[in-house]
Amino acid sequence: MRKKTFAAAALLAAATMTLSACGSGGSDKPANVVAEQTSQKAGTVLDQPFEKPDLVLTDTHGKKYDLRKETAGRPTLIYFGYTHCPDICPLTMNNLAVAKKALPKAQQDKLRVVFVTTDPARDTPAELGKWLNGIDPQFVGLTGDFATIQAGARSVGIAIEPTSKDKNGKLVSVHGTQVVAFSPKTDDGYVVYGEETTVDDYTKDLPRIIKGENP
């Protein structure tokens, strides 16, 4: 298949335009970041990777969690979402959980899957822990100050907005739905997955991501 080249900002913005009621958002990443993708692949490999967000938040045990320090040298997947999300968030996390379980135990133990809430007012450490335990107890859940979380998401091209009421009076969190994969070799985010990524896609790609290779 012919390789296509996109500006990362345009690609990520296009991806967020297809979101469900879970929320939507654009990318604030400068357009000079170049991404490459083939139609055969689910992930978009970035020519100029994102730096890992400099986030110090609270984990599901109520303890401080320094994202860069805790995940240094480990293959890491980061997703910004919320536990009250009706569709995309639980689907994405369950897809990752199923794909992770297909890995050898040694690779499972190396991988870090980090869920950062976009709805910290409702997603307390206890609520996050309860929700994630039902998906995969090894997944890391983080909460904290919304402005800090928003800045962290923006640094990897994902826009999120404060929780607000929709036209029916229901609280919703508007957010981008990309999963960003970080290399254990460089700690940079070099692959981006959209919400259409399947279990099979992740199952195929995770072994290479764990090694720091292009999927």
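On a 1 Å grid over the protein atoms alone, a cavity is a set of points where a 1.4 Å probe fits but cannot get out, and its lining residues have an atom within 4 Å of a point; a volume is the space filled by probe spheres set on the points, which are joined across faces, edges and corners. The structure holds one cavity of 30 Å³ or more.

This is a predicted model, in which local features need pLDDT of at least 70 and side-chain atom pairs count only at pLDDT 80 or more, while totals for chains, interfaces and linings use all residues. Residues are numbered from 1 along each chain as its sequence is written, and side-chain values use heavy atoms, with hydrogens and water left out.

The mean pLDDT (the predictor's confidence in each residue, from 0 to 100) of the protein chain is 85, with 81% of its residues reaching 70 or more. Over residues 1-21 the pLDDT is below 50, and this stretch has 51 contacts (heavy atoms within 4.5 Å) in the model beyond near neighbours in sequence. Residues 23-39 also have pLDDT under 50, and for them the model has 63 contacts beyond four places in sequence. Where pLDDT is low, the predicted coordinates should not be read in detail.

The volume of the largest cavity is about 30 Å³, and its lining consists of Leu91, Thr92, Asn95, Gly194, Glu195, Thr197 and Tyr202. Helix H3 (residues 88-101) gives the most to this lining, with three residues; helices (H or I, at least four residues) and strands (E, at least two) are DSSP runs, numbered from the N terminus.

Thr76 is found in strand E6 (residues 76-81), and Asp59 in strand E4 (residues 56-59). Buried means under 20% relative accessible area, exposed over 50%, and partly exposed in between (1.4 Å probe, protein chains only). The table gives the relative accessibility of each residue.

| Residue | Relative accessibility | Class |
|---|---|---|
| Thr76 | 0% | buried |
| Asp59 | 10% | buried |

The side chain of Thr76 reaches the backbone oxygen of Arg74 at 3.0 Å. Beyond four places in sequence, Thr76 is in contact with residues including Lys52, Arg112 and Phe182.

The side chain of Asp59 reaches the backbone nitrogen of His61 at 2.9 Å. Setting aside residues up to four places away in sequence, Asp59 touches Tyr65, Pro125, Gly141 and Leu142, and its C-alpha atom is separated by 7.0 Å from that of Val140, 81 residues apart along the chain.

Conventions:
Polar contact = N/O pair within 3.5 Å; in protein donor to acceptor, adjacent residues only side chain to side chain. 1 Å grid on protein atoms, 1.4 Å probe; cavity = no way out; pocket = protein on both sides within 12 Å on 5 of 7 lines; lining within 4 Å.
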